[in-house]
Amino acid sequence: MIESQPLVRKLGAFVALSETELCVLDGLHKRRRTFVSGRDLVLQGQLDHAAYILISGWACSYKLLRTGQRQIIDFQVPGDFLGLRSVVLHISDHSIMPVTKIEVTEVKAVHLLDAFARTPRLATAVLWAASRDEAMVVEHLVGIGCRDAKVRVAHFLLELGARLTLVGMGTKTGFACPLTQYHLADALGLSAVHVNRVLRYLREQGLVTFRDDYVTFDNYDLLAEFADFELAYLDQAGPLLP
């Protein structure tokens with residue numbers, strides 16, 4: 001049922017979706033595709049590609065420098081759009097690669113714009129989601145520029161937990177997480193060795209344990225205090241539109 005789709009749960013945090021809006025969203029979920037881990041589905045510099053709705057699995061958006069260095073911009077979890085900005089701008093300014101095997105719905109630009117024309121409230125909800133993504137990128141920039149490594153990692157894990165909780169895949173006790181220390185390093189501007197040391201420190205302090213593809217919040221409140229983590233920038237208190 002469309003109501004159980006992660007994107008519906010996510011947008012429902014902003015808009016109390018009507019039957020008409022649910023029907024339009026259902027229409028966007030028709031063209032299913034799967035991609036294997038490590039194979040880019042969008043390439044930096046690519047023109048005129050579709051957007052995707054992530055149904056299951058994890059992906060990452062990244063930029064690759066001529067030196068071979070990679071900066072992961074963010075990770076995408078179920079309910080997120082992939083390549084939405086590039087549909088509007090006609091060219092992708094980053095690449096998108098599955099971290100795990102993923103299932104997506106392919107959405108052509110013309111179908112997406114038609115859906116927005118038919119249901120303006122739905123367009124507003126997607127704008128909210130895009131604005132929320134921008135707020136997270138801002139927070140990541142602050143993390144890399146101002147937070148020390150321990151706080152940076154703690155804040156990022158708390159953010160992932162909050163995002164997954166919104167779509168029913170996480171709680172304040174923890175969440176399944178397929179990311180490696182190399183993924184975290186490329187996202188947080190650290191080395192994999194440094195990430196390992198930070199995770200060990202946080203575990204020894206009784207705050208959080210990342211082991212066997214699972215993040216366990218050993219003391220959520222104390223970890224949030226340690227990371228100065230506030231949910232306000234994620235704007236998950238909705239729905240804001242009745």
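**Notebook: backbone, rings, helices**

I started in the loop between strand E9 (208–211) and strand E10 (214–217), where I found Asp213. This is a predicted model, so I kept that in mind throughout. I looked up phi of Asp213 and got a positive value near 60°, in a residue other than glycine. That made me stop, because most residues other than glycine have a negative phi.

I then went to the segment after helix H9 (220–227), where Asp228 lies. Asp228 is not a glycine either, yet its phi is positive, about 55°. Is Asp228 buried or exposed? Its relative accessible area is 59%, over the 50% cut-off, so I noted Asp228 as exposed.

Next, the rings. I searched the whole structure and came away with six aromatic pairs. For Phe217 and Tyr220, the ring centres are 5.4 Å apart and the planes stand at 80°, so I wrote this pair down as edge-to-face. Phe217 has 6% relative accessibility and counts as buried. Tyr220 is buried as well, with a relative accessible area of 15%. Another edge-to-face pair is Phe229 with Tyr233, at 6.3 Å centre to centre and 90° between the planes. I checked burial here too: Phe229 is buried at 7% relative accessible area, and Tyr233 counts as buried at 16%.

Which residues form one aromatic cluster? I got Phe175, Phe217 and Tyr220.

I also looked for charges over rings. The charged end of Arg70 sits over the ring of Tyr62, 5.9 Å from the ring centre. Lys150 lies over the face of Tyr201, and there the distance to the ring centre is 4.9 Å.

How do the axes of helix H6 (residues 149–166) and helix H8 (residues 192–204) cross? I read off roughly 75°, with the axes coming within 9 Å. The angle falls in the 65 to 115 degree range, so H6 and H8 are roughly perpendicular to each other.

I listed who meets whom. Sorted by class, the contact of H6 with H8 has eight nonpolar residues, one polar and one charged.

Notes. Residues numbered from 1 in each chain as written. Predicted model: local features only at pLDDT ≥ 70, side-chain atom pairs only at ≥ 80, totals over all residues. Heavy atoms only, no water. Axes fitted to C-alpha atoms, helices over the stretch in contact; angles between N-to-C directions. Helix = DSSP H or I, 4+ residues; strand = E, 2+ residues; numbered from the N terminus. Parallel < 35°, antiparallel > 145°, perpendicular 65-115°, else oblique. Nonpolar A, V, L, I, M, F, W, Y, C, P; charged D, E, K, R; others polar. Phe/Tyr/Trp six-rings, centres within 6.5 Å; stacked < 30°, edge-to-face > 60°. Buried < 20%, exposed > 50% of the residue type's maximum accessible area, 1.4 Å probe, protein only. Lys NZ or Arg CZ within 6 Å of the ring centre and 35° of its normal.
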